[in-house]
Amino acid sequence: MTDADITTTNAADWHAWQESWDRQQEWYMPDREERFRIMLDMVEALVGTAPRVLDLACGTGTITARLLARFPDAVSTGVDLDPALLAIAEGTFAGDERVSLVTADLKDPDWTAKLPYDSYDAVLTATALHWFHSEPLAALYGQVADVVRDGGVFMNADHMIDDTTPRINAAERAQRHARMESARQEGALDWSDWWQVAAKDPVLAQPTARRYEIYGEHADGDMPSAAWHARVLREKGFGEVRPVWCSPSDTLLLALK
């Protein structure tokens, strides 16, 4: 969807905003839907087709939407701090009793007290925790371990950089960015473009202004390797941890309690 397409869209058309968010994210990750498919495959394999799920750093509710489409008997709690993305999620899932949305800062040590349930079958997150630095991320993993029931799962699909392969990393990055630039020349919106459009929308302008007060410009954290994530998750109480999907730059890591 182009800038023009969005600006002429009805501001209350939450489906259109979800679509525009998906297209912007796919500009960075063309294989995005594949990681979601594998994530839900593993949910079904390990905790069944009617899970209670915590959608961690849920954004617009991308994971929740795919979860409920595949598993109609699932329930989901989405937690995030971004008022603009939560506005889209709230509009999307309005009236759906399977979904609850919580505004909370994941760096707040008491954020889990806001959740409607004490435990979850699965905690799922994607392309969100890379803005954490290692120390607060390790602390967050300890809190996640506390809310995943015994036999439950945590999955994180995100950028996980292996510093032991610098030449491979550089070659992959160069190729990926060349493809991204080609797509942008054809009208794809990047992160900054998308937020500029949101800031002009009558419904999203105010929550977008608030999100910039909270976050400022987008910034990445440390982005440690999959091995680091696996080690820390084991230290925090997960019994088995390993990748279940990967691309040259991203990993879907599964931790079983």
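Start by selecting Tyr 120, which is buried at 1% relative accessibility (buried means under 20% relative accessible area, exposed over 50%, partly exposed in between, with a 1.4 Å probe and protein chains only). The model is predicted: local features need pLDDT of at least 70, side-chain atom pairs count only at pLDDT 80 or more, and totals for chains, interfaces and linings use all residues. Residues are numbered from 1 along each chain as its sequence is written, and side-chain values use heavy atoms, with hydrogens and water left out.

Then select Arg 52: its charged end sits over the ring of Tyr 117, 4.0 Å from the centre (NZ of Lys or CZ of Arg within 6 Å of the ring centre and within 35 degrees of the ring normal).

Now turn to ring pairs across the whole structure, where a search finds 13 aromatic pairs (rings of Phe, Tyr and Trp, the last by its six-membered ring, with centres within 6.5 Å; planes under 30 degrees apart are stacked, over 60 edge-to-face, the rest tilted). Select Trp 17 and Trp 194: the ring centres are 5.7 Å apart and the planes stand at 80°, so this pair is edge-to-face. Trp 17 lies in helix 2 (residues 14-28) and Trp 194 in helix 8 (residues 191-200), 177 residues apart, so the pair links distant parts of the chain (helices are DSSP runs of H or I, at least four residues, and strands of E, at least two, numbered from the N terminus). Trp 17 is buried at 2%, and Trp 194 is buried at 1%.

Return to Tyr 117 and Tyr 120 for another edge-to-face pair, 5.8 Å centre to centre with 90° between the planes.

Arg 211 lies over the face of Trp 195, 4.2 Å from the ring centre.
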